[in-house]
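Notebook open, model loaded. I want to go through the charged pairs, then the core, then a pocket.

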Amino acid sequence: MRVEVPFIPAGVPFAQVALIVLLFIATFRRPIRSFERARWFPGIVVVLIAYLTIVSLVNDVDFIRRLGNIAVLFTVAGFLASGRIDIASAIKGICVALVINLALFYTGIAPDTYGGVLTGYLADKNAAGLIYGMAGLLCALTTKRIWIRVLILGAGAGALVLTDSRTSMAAYAMAIVWISFSRWSGVIYKLLIGGGLTAAFFWADANLSDVGQYEESRAGSDALRDRIDAASAAKVAETPWYGGGLGQAVVEVEDRDWFFHNSYEALLAEGGIVALAAVVGLYVVVGFGLANRNPPSFATAVVGGATLFLLLAATRLGEVFFAPIGLILLGIGLALIIEQDLFRPNQRLHPTAIVPM
């Protein structure tokens, strides 16, 4: 995602530059969590990046910038997990920035790029829906008071309504149900809950997405989305099983280039079946705590709900798995695998502890 800020020269990827500066600073901080329980993560990331590089070279596409962005974001996830980047500070910083974006938007300072619905410096309403929804869920981790958690989750829902992103609103509702019931459920019941919520999401998408005000107001944009989806599916069908290389999740419709509106298809277009299995597998294993030996907690329920939100939103949004907010979620999930309490006092590790990131 690109964020254009008026006082920064046009074309400068402000979000990426900010992340690189953050990583540079974090490199000089010692970690507080060992990677002993998640030592497999850096290996998977290295293999995935090497694979995407080879596929891109084989297909002779321009991939350096996107590969660099992906590498930076995976490093952010690792630094969050190890504590080089403080999780509470990261979450609060994101939420404060989003509140400022909302305030600037409704005071007429931030740009209005989507006909009055909340976007601001996020530019696109679906990107805004993804980020406001994820932030609303993750911000609930930063407090132990139930009434404040409820207030935060309600504020997240309100912000989503302002973005008018139907996909994100539906996915957020499913995430809230997951958070409410999954913590006290066994694996089988979690599978049933997850399956039922996924089925409910797709039913709502098929039957409720064009009711009421949306029947006429979104008819044109939905028709365009259908054409983009058809072109995306056709491109994926023509792509080799190993993918077409980074940056190839783009189609031409009506003499314009459009990014895919489905992140699963985007993974297939760029890295084929291997990338799809590796990336989605990482989110499932880490987000739902399949490698987590710690007891269930509110934090594991929230991260699971946020993961469900992300996986559902990815069916209708084109850049989810490699979006900054997605890799932040991955880093928080990794931290929960390593240690149950994400916000314990800042105690540094012994120098001999295994911390590859």
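I started with Arg66 and Glu270, whose side chains form a salt bridge at 2.7 Å, N to O. This is a predicted model, so I take the distance as computed. Arg66 sits in helix α3 (residues 64-82) and Glu270 in helix α11, so this pair ties together parts 204 residues apart in sequence.

Glu270 has 4% relative accessibility, so I note it as buried. Arg66, at 22%, counts as partly exposed, because buried means under 20%.

What else does the side chain of Arg66 meet in a salt bridge? I found Glu319, at 2.8 Å, N to O. Glu319 lies in the loop between α12 and α13 while Arg66 is in helix α3, so here the tie joins parts 253 residues apart in sequence. Glu319 comes out at 33% relative accessibility and counts as partly exposed. I logged Arg66, Glu270 and Glu319 together as a network of salt bridges.

Then I checked Asp164 and Lys125, which meet through their side chains at 3.5 Å, N to O. Asp164 is in the loop between α6 (146-163) and α7 (166-181), and Lys125 is in helix α5 (residues 125-139), so the pair ties together parts that are 39 residues apart in sequence. Buried or exposed? Lys125 is buried at 2% relative accessibility, and Asp164 is buried at 14%. My search of the whole structure gave 6 salt bridges.

On to the core. I get 94 residues in the largest nonpolar core, and Phe41, Phe74, Leu130, Phe321 and Ile332 have the most contacts inside it. Another core, of 10 residues, lies apart from the largest one, with Ile228, Val253, Phe260 and Ala266 among its members.

Last entry: the second largest pocket, with about 510 Å³ of space. I count 29 lining residues there, and Trp178, Lys190, Phe288, Gly289 and Leu290 lie nearest the centre. The elements giving two or more residues to this lining are α8 (187-207), α11 (263-287), α12 (298-313) and α13 (324-338). Which one gives the most? I have α8 down for that, with 6 residues. By type, the lining of this pocket splits into 13 nonpolar, 13 polar and 3 charged residues.

Terms used
Residues numbered from 1 in each chain as written. Predicted model: local features only at pLDDT ≥ 70, side-chain atom pairs only at ≥ 80, totals over all residues. Heavy atoms only, no water. Core = buried A, V, L, I, M, F, W, Y, C linked by side-chain atoms within 4.5 Å. Buried < 20%, exposed > 50% of the residue type's maximum accessible area, 1.4 Å probe, protein only. 1 Å grid on protein atoms, 1.4 Å probe; cavity = no way out; pocket = protein on both sides within 12 Å on 5 of 7 lines; lining within 4 Å. Points joined across faces, edges and corners; volume = space filled by probe spheres on them. Helix = DSSP H or I, 4+ residues; strand = E, 2+ residues; numbered from the N terminus. Nonpolar A, V, L, I, M, F, W, Y, C, P; charged D, E, K, R; others polar. Salt bridge = Lys/Arg side-chain N within 4 Å of Asp/Glu carboxyl O.
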